[in-house]
Amino acid sequence: MASLLYPDETLLPTDEFSERMYLSKKLEIYDGQNQVDPLASFSDSTAVIGAEPDLLTNDEISSPRRQPSNWKPLRILAGAHQGWVRSVAVDPGTNLWFVLGLTDAQIKVWDLASGDVRATISGHIMAVRSLVVSKKYPYLFSGSEDKTLRCWDLEKTNSTSGCQIRSYHGHVGGVYALALHPELDVLFSSGRDSAVRVWDVRSRVQAMALTGHSGDVTALFAQTGDPQVVLAGMDGTIRLWDLRNQKCALTLAQHSKGIRLLVKHPHELTMVSADATGTINQWVLPGGQLLNRLVTPESAQHDTNIINTLAINPDTNDLFAGYGDGRMNFYDYESGEVMQQTKTKPTEGTPSSTIYASTFDMLGMRLITCENDKSIKIWSQEHH
Amino acid sequence: MFSASLPKPKHTAIDSIRVVLPKKLDNQSILPRNLLDSNDPQANLPKSVKADTQNAVLQLVFNPDGSIDYPKTLTLASGVDTSVQATYEDTIPLKIRYPRLKHHFPAYTLETCPDDSLQRCVAETKEVIMNLLAKVSGVEEKVGDVTMQQYASSGLKAGETKHIHITNLKEDPMLPPKHKLRNNRESQAAPPPPVLKAQSAEKITKDIKDKWHIPSSVSNWKNNQGFTISLDKRVNAASGGAQLGSVDFNFENFSRLSLALENADSKARKELEEKHAIRRQMLQQENTEGDSSRVRELLEKARQRKRIDESEDQPNKRRQY
């Protein structure tokens with residue numbers, strides 16, 4: 001690809017371990033050395049916070065102070081698109097490719113290792129705002145500003161008739177957020193019409209509509225246990241839904257402005273939310289207690305603190321926040337301290353950069369950021 | 001200046017709850033008198049007090065100890081059945097309230113969960129969603145539809161019983177129709193009802209049949225196809241079909257007339273023959289008398305012409321070849 005730019009060849013990783021981890025190849029040397037008992041962590045109780053004396057009276061602070069992280073741009077795919085990149089999703093099954101949703105109404109599937117376009121999916125007529133890849137099926141779900149919600153069969157991307165197999169009709173506004181239930185074949189979608197709709201994936205029938213928000217529902221996620229769906233909206237509330245009884249179990253109203261982001265931790269029963277003032281709150285899940293309020297260092301030159309994207313690294317437990325003015329903050333998820341502060345450099349022809357979407361890959365070794373300069377940046381951590 | 005006296009902002013995300021305190025009751029208090037007077041508030045504690053129905057929108061909810069449960073009251077008034085965090089403690093992060101809090105909140109999947117709570121949660125959610133979907137798509141099965149019937153048959157052995165489980169089979173609404181779709185079904189009228197009569201005793205003879213026979217219509221003026229049309233049909237056509245059976249002819253007069261005509265004819269012919277015979281005789285007589293004189297005349301003429309020729313022939317002799 002001519003448009004592929006490698007800014008610095010020396011930044012490519014050289015160590016075998018990370019490469020092999022990245023390509024999910026077997027490492028014979030490390031076999032059997034670093035075995036962790038999977039049940040060890042579950043021996044502790046997981047009851048609700050309020051009734052946990054053992055947690056609260058724990059004298060030792062378990063996690064030692066971490067080294068500051070050092071994320072550097074590894075590769076820039078510049079000029080790859082015709083529009084801003086508004087959404088990104090990594091394949092949860094193989095970790096070999098990722099999908100981008102663009103404002104030019106296209107969806108592109110990229111190979112994570114080689115940086116080639118695997119497929120271009122067109123069909124939407126406005127910007128694609130949300131993407132989710134199924135773990136069970138080769139399906140990709142996309143929600144767009146054109147009020148449609150479509151299901152694509154990724155095995156049929158080569159067919160001339162297109163790979164769209166389903167369309168979920170019912171939204172009366174743009175679709176901003178999507179989530180799949182981890183166990184059931186149920187799709188949650190929300191957006192401009194301030195209602196969250198619950199779809200049966202196979203039959204395209206809307207099973208429920210979760211109402212109550214008085215503004216756009218900008219973010220949501222689904223999980224196995226209660227609360228099964230958590231929604232965040234521009235009315236400044238986070239709502240924890242009890243799907244079994246079809247009622248909103250708890251409303252968190254501690255954000256002072258509209259909440260744009262809500263991300264669940266991949267391994268923990270905690271979640272992070274960020275509002276338009278730049279406040280990042282950590283919550284404990286079943287009960288919805290406020291766990292921590294992350295402190296962003298004050299800086300005079302940044303007059304806006306609008307966070308556009310949050311991503312949690314499943315491996316190093318980093319929390320990444322991408323700002324509207326191109327700032328990138330990395331927090332330690334446990335302590336909430338800032339580990340690294342950088343800023344993206346826009347590619348030529350773009351006066352200022354804005355980060356719209358980001359995600360870590362499934363192993364936590366690469367960070368993909370999507371920006372307004374129509375480029376994709378892949379970041380990796382430089383090891384000391 | 002109080003903020004309450006300011007006009008309501010045009011665009012607000014959250015509708016504030018309109019709180020109107022109820023009119024003072026008889027005992028000059030909002031709360032019921034027994035609640036205020038009693039030393040033990042638990043004694044006759046109402047669950048909730050609905051304030052004056054005309055003005056109030058606020059329904060008070062009480063805690064077990066008799067104090068007003070403000071969060072519940074407010075959520076009830078906002079019309080959303082949800083719980084909220086309403087204490088000051090809730091606004092302080094756990095990490096600050098408990099500085100030595102261990103960060104350990106593991107999430108379980110279905111496979112790793114020690115108890116069956118997740119399993120139950122997923123199963124119940126699935127059931128709820130299936131019920132909702134069934135309601136939407138209309139494939140709900142009615143509970144009262146199933147009937148059990150005792151099966152009685154001679155094939156059964158003694159003491160053996162069988163039951164038949166009868167359920168209404170739901171028809172697939174997407175199946176093609178079983179009847180044939182026809183156009184204009186209404187336009188085809190039903191056949192008239194049969195008129196029932198007693199059979200007539202009359203025997204149908206050939207005459208009656210012939211009487212009812214309608215001859216084929218033949219025109220005397222048009223025969224575009226050029227068919228050969230037999231004379232009787234032409235005659236029939238010419239008479240308009242009236243003469244077919246009734247030929248009104250006077251044979252006697254006709255034979256007399258024809259006989260008279262024949263006699264007159266033969267008589268006239270005889271007279272004519274006689275006349276001819278007489279005339280022929282008279283002509284014969286005349287011819288025999290006139291023949292000799294005519295021959296003599298002719299001879300004389302010929303002799304005269306010969307004499308003239310002999311006298312004139314010397315100078316004008318015809319050339320000999």
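What follows is a tour of a predicted model, going from confidence to sheets, cores and ring pairs.

**Stop 1: colour by confidence**

Start with the scores: the model comes with ipTM 0.78 and pTM 0.61. Now colour chain B by pLDDT. Its average is 78, and 75% of its residues score at least 70. Select residues 33–47 of chain B, where pLDDT stays under 50 and the model has 20 contacts beyond four places in sequence. Then try residues 49–56 of chain B: pLDDT is under 50 there too, with 14 contacts beyond four places in sequence.

**Stop 2: a sheet with strands from both chains**

Show the cartoon and look for an open sheet of five strands, ordered 15(A)-16(A)-17(A)-18(A)-3(B), with mixed pairing. Which strands stand at the edges? They are strand 15 (217–222) of chain A and strand 3 (83–84) of chain B; each has a single partner strand, so one side of each has no neighbour in the sheet.

Inside this sheet, select 238–242 and 247–252 of chain A, which are strands 17 and 18; they pair in the antiparallel sense over five bridges.

**Stop 3: the next sheet along chain A**

Move on to strands 19-20-21-22 of chain A, which form an open, antiparallel sheet in that order. Its edges are strand 19 (259–264) and strand 22 (290–294), each with a single partner strand, so one side of each is left without a neighbour in the sheet. From one strand to the next, the twist averages 20°.

For a closer look, select 270–275 and 280–284 of chain A: strands 20 and 21 pair there in the antiparallel sense over five bridges. Met271(A) stands opposite Trp283(A) of strand 21.

**Stop 4: the nonpolar cores**

Time for side chains. The largest nonpolar core has 28 residues, and the members touching the most others are Phe188(A), Met208(A), Leu210(A), Leu220(A) and Val229(A). Among the elements supplying at least two residues each are strand 11 (175–180) and strand 12 (186–191) of chain A, along with helix 4 (117–137) of chain B. Which element gives the largest share of this core? Helix 4 of chain B does, with six residues.

Centre on Val229(A). Beyond its neighbours within four places in sequence, its contacts include Phe188(A), Leu210(A), Leu220(A) and Trp241(A). A second, separate core of 20 residues includes Val230(A), Ile238(A), Ile259(A) and Leu94(B).

**Stop 5: aromatic pairs**

Across all chains there are ten aromatic pairs. Select Trp84(A) and Tyr356(A): they are stacked, 4.9 Å centre to centre with 25° between the planes. Trp84(A) sits in the loop between strands 2 and 3 of chain A and Tyr356(A) in strand 27 of chain A, so this pair links parts of the chain 272 residues apart.

Next, select Phe141(A) and Tyr168(A). Their ring centres are 6.3 Å apart and their planes at 45°, so the pair is tilted. Phe141(A) lies in strand 8 and Tyr168(A) in strand 10 of chain A, so the pair ties together parts 27 residues apart in sequence. Phe141(A) is buried, with a relative accessible area of 1%, and Tyr168(A) counts as buried at 1% relative accessibility.

Terms used
Residues numbered from 1 in each chain as written. Chains lettered and ligands numbered in written order. Predicted model: local features only at pLDDT ≥ 70, side-chain atom pairs only at ≥ 80, totals over all residues. Heavy atoms only, no water. Pairing = 2+ DSSP bridges. Helix = DSSP H or I, 4+ residues; strand = E, 2+ residues; numbered from the N terminus. Axes fitted to C-alpha atoms, helices over the stretch in contact; angles between N-to-C directions. Core = buried A, V, L, I, M, F, W, Y, C linked by side-chain atoms within 4.5 Å. Buried < 20%, exposed > 50% of the residue type's maximum accessible area, 1.4 Å probe, protein only. Contact = heavy atoms within 4.5 Å. pLDDT = per-residue confidence, 0-100. Phe/Tyr/Trp six-rings, centres within 6.5 Å; stacked < 30°, edge-to-face > 60°.
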